[in-house]
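Reader: I would like to take a close look at one part of this model, and I would be glad of a connected account that then sets that part in the context of the whole chain.

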Amino acid sequence: MITVSFACGHTAKLADDTALAVCAECGERRVQAVKARAPKFRGVVLGPHAKFESLAGIPVTVGAPNDGE
Ligand SMILES: [Zn+2]
């Protein structure tokens, strides 16, 4: 959950994937502050929020002939 404090003074707990924050009580859209959990990264990465993990490869094509675009 993400805790959002709006400019109107109201606060709301929103889902992690919320795309648009609107105050349910008065319709305010200006956000004053946001509290969310720390992001988590995985893969070839190091850091306090990171979990090192060898991920499966992704096939790519390099130098493929252009089809005349
Ligand atoms: Zn409000």
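In what sense do strand β1 and β2 pair, and over how many bridges?

Author: In this predicted model, strand β1, which covers residues 2–6, pairs with β2 in the antiparallel sense, and the pairing runs over 4 bridges. Within this pairing, S5 stands opposite T11 in β2.

The pair belongs to an open sheet of 3 strands, whose order is β2-β1-β3 and whose pairing is antiparallel. The edge strands of this sheet are β2, at residues 11–14, and β3, at residues 31–35, each of which pairs on one side only. From one strand to the next, the twist averages 25 degrees.

Turning from the sheet to the chain that carries it, the secondary structure comes to 0 helices and 5 strands, so that the pattern read along the sequence is β-β-β-β-β.

As for overall dimensions, the chain has a radius of gyration of 21 Å, whereas a compact globule of 69 residues would have one near 11 Å. Taken along the principal axes, the box filled by the C-alpha atoms is roughly 55 × 40 × 15 Å.

Note on methods
Residues are numbered from 1 along each chain as its sequence is written. This is a predicted model: local features need pLDDT of at least 70, side-chain atom pairs count only at pLDDT 80 or more; totals for chains, interfaces and linings use all residues. Helices (H or I, at least four residues) and strands (E, at least two) are DSSP runs, numbered from the N terminus. The radius of gyration is taken over C-alpha atoms; the globule rule is 2.2 Å times the number of residues to the power 0.38. Two strands pair if DSSP finds at least two bridges between them. Axes are lines fitted to C-alpha atoms, for helices over the stretch in contact, and angles run from 0 to 180 degrees between N-to-C directions.
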